[in-house]
Amino acid sequence: MPVSSTPAEGLSAAAPLRRATQASAPPRIVAVGYRRINKMLQELAADVADRASVDVLDVGFEQAVARVKDLQALQPVDVVVAAGSNGGYLRQHLDVPVVLVKVGGFDLMQALSQARRLADRIGLVTYEGMAPDLSRFDRLFDFDVAQRSYRTEDEARACVRELQQAGVGVVVGSGVAVDVAEQLGLPGLFLYSMDAVRAALEDAVEVARAARIEQAKRERLNTILAQVSDGVIAVDQGERILTLNPRMAQWLGVAPTDWIGQVLGRVCPELSLQNTLRLGQPELESIERIKGKALIVSRQPIIEQGVLTGAVLTAQDPISIQRVD
């Protein structure tokens, strides 16, 4: 499969054809990164090109969010790959899974060893929660390392300036930190390795594959539920709606897509499954009035391998039942 750096062509407006095309197409990954890591992503995208279509974007933060949404509008994006603060930002602003490029212990040890040859005092600037515990390296090697972490680009710049004032002779860190260090006249060593980027792309392929399998299962289930005469709503542990079949949507007077992902107890308190989720006990065949319509309602917990993972509500029209009888 080709590695692309431009948006894919738009798909047909016919929904069934679009779904069929998406199901047969390879997973689509968008790798986001600028400066140094973009070159790594461009080079390593070819390693997964036989299993996924990869777009590599040379942007970050707000621009990256806008570009990913533009691509998503043309053809669904399965997974996004990014690193550091850029990846953290994308996770907060996209509804697509974001796989982060992670720094391992070997990457850190290798970078610190190289830095030690350049200066006795080393500054390590990482995105929050990214770097492994330095204490194990302190016990094995005689490193004089001052570590700082950041959440935004402005914080990263402030960290590097602070380290320079503290007498640090070399900075190890993310692309932002290394760029700032070099602007201030300090040597900088990029913390991410090719192996770390390659592992993130491999993880993205696996995440996309698993998501495709789950999507296929949901579509099969929805196809079955669309044929039953009962109304059905299924929720997860947080009572977020996973499935709302056409019959129930018709009784409620809503579009299923408007409710998917919403908390059931908020959009329709009379159908709430909170007690079922809390107690894990079924409530069978009670007569309830929903949106002015009398229905026979049952609530059942969903137990998977002994674990409560959600709940399902089924509703029957008593008039239809009487007609059948």
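Select E153, A156, R157 and V160 in helix α7, then V176, A177, V180 and A181 in helix α8: these two groups meet, contact meaning heavy atoms within 4.5 Å. By class, this contact of α7 with α8 holds six nonpolar residues, no polar ones and two charged ones. Here Ala, Val, Leu, Ile, Met, Phe, Trp, Tyr, Cys and Pro count as nonpolar, Asp, Glu, Lys and Arg as charged, and the others, Gly among them, as polar.

The model is predicted; local features need pLDDT of at least 70, side-chain atom pairs count only at pLDDT 80 or more, and totals for chains, interfaces and linings use all residues. Residues are numbered from 1 along each chain as its sequence is written, and side-chain values use heavy atoms, with hydrogens and water left out.

Now show both helices whole, α7 as residues 153-165 and α8 as residues 175-183. Helices (H or I, at least four residues) and strands (E, at least two) are DSSP runs, numbered from the N terminus. The crossing is right-handed, that is, the near helix is turned clockwise from the far one by less than a right angle.

Next, select the open sheet of four strands, ordered β7-β6-β8-β9 with parallel pairing. Strands pair if DSSP finds at least two bridges between them. β7 (144-150) and β9 (188-190) are the edge strands, each with a single partner, so one side of each has no neighbour in the sheet. On average, neighbouring strands are turned by 20° against each other, direction ignored.

Within the sheet, pick β6 (residues 121-127), which runs parallel to β7 and is joined to β7 by seven bridges. L124 has Q147 in β7 as its bridge partner. Helix α7 packs on this sheet, touching β6, β7 and β8, and its direction makes about 160° with that of β7. Helix α5 (residues 105-118) lies across β6, β7, β8 (170-173) and β9, at about 170° to β8.

Last, go to strand β2 (residues 28-32), where five of five residues are buried, meaning under 20% relative accessible area with a 1.4 Å probe, protein chains only. Which way do the residues of β2 point? R28, V30 and V32 point one way, and I29 and A31 the other. Five bridges join β2 to the parallel strand β3 (residues 53-57), and V30 stands opposite D55 in β3.

Note on methods:
Axes are lines fitted to C-alpha atoms, for helices over the stretch in contact, and angles run from 0 to 180 degrees between N-to-C directions. Buried means under 20% relative accessible area, exposed over 50%, partly exposed in between (1.4 Å probe, protein chains only).
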